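Reader: I would like to learn how to read a structure of this kind, feature by feature. May we begin with the general picture and then turn to the details?

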Amino acid sequence: MARVRLEGITQRFGTATAIQDITLAIPDGEFWVLVGPSGCGKSTILRTIAGLEPVQEGRLYIGDTLVNQIRARQRDVAMVFQNYALYPHMTVAENLAFGLRMRHRPIHERQEQVHKIARSLDIAHLLDRKPRKLSGGQQQRVALGRAIVRKPQVFLLDEPLSNLDAQLRDDTRAELKQLHRTFGITTIYVTHDQVEAMTLADQIVVLHQGRIQQIATPQAVYAHPANCMVAAFMGSPPMNLLEATVEANGLRIDGQRVPLPALDSQSTVSVGQRVIVGLRPEHLQVSSESQASLGVTVTVVEPLGRETLVRTVLPDAHRTLPQSLNLQVSGKLLPQPGERLWVQLDPAEIFLFDPITGNPVQ
Ligand code: ATP
């Protein structure tokens, strides 16, 4: 196990910058998750740590060692990809033992380690099988086991669950958390999946266009997003972002005035200022009163059982494309498309961002 430190790392492919000035310090034994839209540089960071991309600019440390010039094999990191990459001609047991055999570990140690990891991953009954006779989930567990059995200093996982179906994904996610608790290996994990990021991470690193936007605990990223991009990216369904203007004691959103006395106490906003209002779908209440509410028209209703996702638009004659507002409400509520609803905003759950910089203005 070891801490991992990136200092000012920039990587380019030709003239395009994949990651820019990345500085991170991941403490020994922690589980960090990298998230961000496609192409933001997540895999490049992982591949750089693994040694699959040489460091072009900046410094990379594993433990206290500067590893810029150290080859992938000597870095003592294990990487698991979404497409498992098991050796097809080897059995599960041989696949699991491969790393130990390469290190010339004695056979009894290899066997003991293989059985131990196979038991903890629930694949002990599959040891004699070849990968082609395994399900996707079983193959993925073998790939994880093969990486863990080496007891690397650092574990790098690039969307390791993305090929699994929903149920298996949930189960394997829980197993991963348990494995991390058991082995305590410093782990850096790339995912698109909000649930994985929120449930697995000690710290989440949100990236956009090759740059770090925020490093914080899952709770902090959700409750205090560093900017509009993070706010829009973290959360499922995502936060609504509406253009609005600050008025005395309220906001004007597409011709509708929403009284919000609490805004007065926020000295950083001034009357007439244009803002982006961030509203999480789960914080919006449907109200029977038009007072202090936002009038919307229902477009699509998606009943999910426990809750209903209601897609709506704000009527506004001046826009070619009306602004949309998604609500996550109780499953008992099933409005009809075309219905007019009143949506109550909770002043304590409103985010305000600068439309140009994207930074919070509160
Ligand atoms: P995804 O979520 O789609 O896997 P990502 O966040 O992992 O994306 P990267 O794969 O790190 O993103 O890519 C970052 C940027 O670098 C992208 O613009 C990508 O097109 C570019 N890039 C990555 N690898 C190469 C390469 N080998 N050659 C040229 N450009 C590359």
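Author: The dialogue below goes from the whole chain to its ligand, its helices and its backbone.

Reader: What kind of model is this, and what confidence scores does the chain have?

Author: This is a predicted model. The chain has an average pLDDT of 91, and 98% of the residues score at least 70. For the model, ipTM is 0.97 and pTM is 0.90.

Reader: How many helices and strands does the chain have, and what does the C-alpha trace span along its principal axes?

Author: There are 8 helices and 20 strands in the chain. The C-alpha trace spans about 75 × 45 × 35 Å along the principal axes. Of the 362 residues in the chain, 38% are buried.

Reader: Which domains does the domain assignment give?

Author: The assignment gives domain 1, covering 4–228, and domain 2, covering 240–353. Their centres, taken over C-alpha atoms, are separated by 40 Å.

Reader: Let us turn to the ligand. Which residues are around the ligand?

Author: The shell consists of Phe13, Ala16, Ala18, Gly36, Ser38, Gly39, Cys40, Gly41, Lys42, Ser43 and Thr44. By type, these residues divide into 4 nonpolar, 6 polar and 1 charged.

Reader: Which element gives the most to the shell around the ligand?

Author: Helix H1 gives the most, with 3 residues. Strand E2 (16–26) and helix H1 (42–50) each supply at least two residues of this shell. The buried residues of H1 are Lys42, Thr44, Ile45, Leu46, Thr48 and Ile49. Just after H1, Gly51 has a positive phi of about 95 degrees.

Reader: Is Ala18 of the shell buried or exposed?

Author: Burial is judged by counting neighbours, and 20 or more other C-beta atoms within 10 Å make a residue buried. Ala18, which is found in strand E2, has 21 C-beta neighbours inside 10 Å and therefore counts as buried. The C-alpha atoms of Ala18 and Thr297 are separated by 41 Å, and these residues are 279 residues apart along the chain.

Reader: How should one read the length of a helix? What does H3 reach from its first C-alpha to its last?

Author: One compares the reach of the helix with the span expected at 1.5 Å a residue. Helix H3 (residues 107–120) has 14 residues and reaches 20 Å, close to the 20 Å expected.

Reader: Which residues of H3 are buried?

Author: They are Arg110, Gln113, Val114, Ile117 and Ala118. Seen down the axis of H3, these buried residues fall within an arc of 130 degrees, so they line one face of the helix. The face turned away from the buried side carries the exposed residues His108, Glu109 and Arg119.

Reader: How many residues of H4 are buried?

Author: H4 is mostly covered, with 12 of its 14 residues buried. Among them are Gln138, Arg141, Val142, Leu144 and Ile148. The 14 residues of H4 should span 20 Å at 1.5 Å a residue, and its end C-alpha atoms are 20 Å apart, which agrees.

Reader: How does one read the backbone angles, and what is phi of Asp122?

Author: Most residues other than glycine have a negative phi, and most peptide bonds are trans. Asp122 has a positive phi, near 60 degrees. Asp122 is placed in the loop between H3 and helix H4 (136–149). It counts as exposed because it has 12 C-beta neighbours inside 10 Å.

Reader: Where is Lys151 found, and what is its phi?

Author: Lys151 is in the loop between H4 and strand E7 (154–158). Its phi is positive as well, near 50 degrees. With 16 C-beta neighbours inside 10 Å, Lys151 counts as partly exposed.

Reader: Is the peptide bond from Ser236 to Pro237 cis or trans?

Author: That bond is cis, with omega near -5 degrees. Pro237 is placed in the loop between helix H8 (228–233) and strand E11 (240–247).

Reader: Is Ala223 buried or exposed?

Author: Ala223, which lies in helix H7 (residues 218–223), is exposed, with 12 other C-beta atoms within 10 Å. The C-alpha atoms of Ala223 and Met234 are separated by 9.9 Å, with the two residues 11 residues apart along the chain.

Terms used
Residues numbered from 1 in each chain as written. Predicted model: local features only at pLDDT ≥ 70, side-chain atom pairs only at ≥ 80, totals over all residues. Near = placed C-beta within 6 Å. Helix = DSSP H or I, 4+ residues; strand = E, 2+ residues; numbered from the N terminus. Nonpolar A, V, L, I, M, F, W, Y, C, P; charged D, E, K, R; others polar. Domains from an automatic or database assignment. pLDDT = per-residue confidence, 0-100. Expected span 1.5 Å × (residues − 1). Arc of directions from axis to C-beta.
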